Amino acid sequence: MNNLETNGFELIPSQISSELIQKINERLDISYEQARSIQIKNGIEAVTDGTIHHLLAYEDPCYIELLSAIVESSLFNYIKIFFNGNFILNSYGGLKNLPSKPSYVVKVHRDIRFFSGNFPLMLNMLIMLDDFTLENGATYLLAKSHLHPDRPSDEHFYEHAQRAIGKRGDVLFFNSNLWHAAGLNKSNAERRAITITFTKPFMKQQLDYPQAVGTETLLQLSPNMQQVIGYFSRTPKNLDEWYQVPEKRFYRPGQD
């Protein structure tokens, strides 16, 4: 956690089983084809190459299995310490860094639209599905840039940024205020990753994950999984849903 606070990022050795990583890799190809067909249909294929957004919407149990593995590991408490309390999914996607065919993530960016300063509003988590090397485009990370509101110049960024070199199954956390960029993949193989962001529960999710997963499935999951997916911080649609005892409320106590 010290590296996350001081430098803005921290690489943690493998916390996910190799069997689950292999399963995710196999299913990610199928999910990518589903996503790609929608991207092409809606005319946004030029900027979305290699991206698969909102994996919980693909009705594939392996993505819930991966999230459960995170929640049931020491990573859950790591994330909770960062937020000093409860948190939920903001986004849950996949990324295929294709050889010499970059998507929008190669641009220097941060994943929060405004500088949140010392307030722990959002945290990025990247799970390496392949080894991250200099050749296949290991992520650039500008240490301590999460402490400053202004965007660095590209020249300064690439001169001083470090590379997230790691092994398949390793987990990279970084403060969402941190400026970063995917590297250009100069290898002959795609480099894959799961990209997740967590936020304070009051922040709107990029997709309605409780709706995507479905109430029947959610009720079979642990309270921690229900919390992370956002089941305890939903918006009531009518007065009947609003007027409920605390344990049945759509927006439960402690979601701050």
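Setting aside neighbours up to four places along the sequence, Thr-48 is in contact with Arg-36 and Gln-39, where contact means heavy atoms within 4.5 Å. With Arg-36 there is also a side-chain to side-chain polar contact at 3.2 Å (a pair of N or O atoms within 3.5 Å, one able to donate a hydrogen and the other to accept it; sequence-adjacent residues count only if both atoms are side-chain atoms). Thr-48 sits in the loop between helix H2 (18-41) and strand S2 (51-52); helices (H or I, at least four residues) and strands (E, at least two) are DSSP runs numbered from the N terminus. Thr-48 counts as buried because its relative accessibility is 6%, and buried means under 20% (exposed is over 50%, partly exposed in between; 1.4 Å probe, protein chains only).

A word on the ground rules: this is a predicted model, with local features needing pLDDT of at least 70 and side-chain atom pairs pLDDT 80 or more, while totals for chains, interfaces and linings use all residues. Numbering runs from 1 along each chain as its sequence is written, and side-chain values use heavy atoms, leaving out hydrogens and water.

Now for the largest nonpolar core: it has 47 residues, with Leu-56, Tyr-92, Phe-173 and Ile-194 making the most contacts inside it. Such a core is a set of buried Ala, Val, Leu, Ile, Met, Phe, Trp, Tyr and Cys residues joined through side-chain atoms within 4.5 Å. Helix H3 (residues 61-71) gives the largest share, seven residues. A second, separate core of eleven residues includes Met-128 and Phe-174.

Finally, three strands make an open antiparallel sheet, ordered S6-S5-S8; pairing takes at least two DSSP bridges. Leu-141 stands opposite His-180 in S8.
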